[in-house]
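This report describes the sheet, the helices packed on it, the nonpolar cores and the salt bridges of one protein model. Please keep the sequence and the structure in view while reading.

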Amino acid sequence: MKTITLIGAPIEEGSGRRGAAMGPTALRIAGIDTVLAELGHTVHDEGDVRPLPARDLAHHPQANNLQMVGAFARALNDAVHDAARKGHVPIILGGDHALSMGSVSGMARHADDVGRPLFVLWLDAHADFNSPTTSPSGNMHGMPVAFFCGEAEFAPILASDRPLVDPKRVYQIGIRSVDAREREEIAEHGVNVYDMRTVDEMGMAHIMRQILDEVRAANGLLHVSLDVDFMDPEIAPGVGTTVPGGATFREAHLIMEMLCDSDLVSSLDVVELNPFLDDRGKSARILVELTASLFGRRILDRPTRSA
């Protein structure tokens, strides 16, 4: 059994549209704390981080809402590092994917403290390896992977000497929407990308075994970042960046069950939930169920829900 710290990150400024700030509340209403406690874990809900804008960061024409996104990155960097230092498993409730600039950076600090490499499993329709010079929109929820890998050092958001994640230790599954220049950056830096064609050809279980074997062989810590749009929008519609052809319900649960069996996961992001676009809480409930699978719920434990 684990001690879990829930950290809400009601950030929507990275996405370019309103609604994701309601994500942490929706996940709590869907019972994420209750489900984890029922599985036997100790759960501490630290509430939401609500930083003031980082006024020391100059406005950037190709990094929208930099001051607010930067403030969240700083707050989450500290909150996640502090939770991990105590031996807790941080679960960050989002909020758009820009929050991973802070959450992954905080885990990279912890990994550096304990002398172990940090690996990142990125479950998403998008690679999020843009920077202000490559982003077509300037929306910072498309930049977190480049940022925590040290390839988006365009502003002093966090310390320049902070521990970084090796791009070759980033594994992305479910990718099906990548910008042309972003594709070049991914290839140049060696990010491991399993797009949906690869999933169809190789199978999810085979891909996961490869990834987990590499993390285990390196004695690594594993941060999982789960975007709602990893799944097909027919399954989870509550997201502002829908891309058809995503993971199925069973594929998503298989990943979580294999992660649970591995006991390698040290932290989790649950991001991009936009309750305003959801269907009666459907996406929030699915995210809670996936989190339950990651933390020990088995098929035979699942309740039957009436229609």
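## Strand pairing at Trp 122

Trp 122 lies opposite Ser 225 of strand S7. The strands concerned are S4 (residues 118–123) and S7 (residues 221–227), which run parallel and are joined by six bridges. Strands (E, at least two residues) and helices (H or I, at least four) are DSSP runs numbered from the N terminus, and two strands pair if DSSP finds at least two bridges between them.

The model is predicted, with pLDDT of at least 70 required for local features and 80 or more for side-chain atom pairs, while totals for chains, interfaces and linings use all residues. Residues are numbered from 1 along each chain as its sequence is written, and side-chain values use heavy atoms, leaving out hydrogens and water.

## The sheet and its helices

S4 and S7 belong to an open sheet of eight strands with parallel pairing, in the order S2-S1-S3-S8-S7-S4-S5-S6. Strands S2 (42–48) and S6 (192–195) form the edges; each has a single partner strand, so one side of each is left without a neighbour in the sheet. From one strand to the next, the twist averages 15°.

Helix H8 (residues 204–217) packs on the sheet and touches S4, strand S5 (170–175), S6 and S7, where contact means heavy atoms within 4.5 Å. The direction of H8 makes about 165° with that of S5; axes are lines fitted to C-alpha atoms, for helices over the stretch in contact, and angles run from 0 to 180 degrees between N-to-C directions. Helix H10 (residues 282–294) also packs on the sheet, touching strand S3 (89–94), S7 and strand S8 (265–271), and its direction makes about 175° with that of S8.

## Nonpolar cores

A nonpolar core is a set of buried Ala, Val, Leu, Ile, Met, Phe, Trp, Tyr and Cys residues joined through side-chain atoms within 4.5 Å. Buried denotes under 20% relative accessible area, exposed over 50%, and partly exposed the range in between (1.4 Å probe, protein chains only). The largest core has 52 residues, of which Leu 121, Ile 173, Leu 222, Phe 230 and Leu 259 touch the most other members. H10 supplies the largest share of this core, seven residues.

Leaving aside residues up to four places away in sequence, the contacts of Leu 121 include Tyr 171, Ile 173, Met 208, Leu 222 and Leu 259. A second, separate core comprises 46 residues, among them Leu 99, Ala 108, Met 143 and Val 170.

## Salt bridges

There are 16 salt bridges, each defined as a side-chain nitrogen of Lys or Arg within 4 Å of a carboxyl oxygen of Asp or Glu. In the pair Arg 18 and Glu 12, the closest N and O atoms are 2.6 Å apart. Arg 18 is exposed at 68% relative accessible area, whereas Glu 12 is buried at 13%.

Arg 250 forms a salt bridge with Glu 257, with the closest N and O atoms 3.2 Å apart. Arg 250 is partly exposed at 39%, and Glu 257 is buried at 12%.

## Crossing of H3 and H4

The axes of helix H3 (residues 66–85) and helix H4 (residues 100–114) come within 7 Å and cross at roughly 35°. Residues making this contact include Val 69, Ala 73 and Leu 76 of H3 and Met 101, Gly 102 and Ser 105 of H4.
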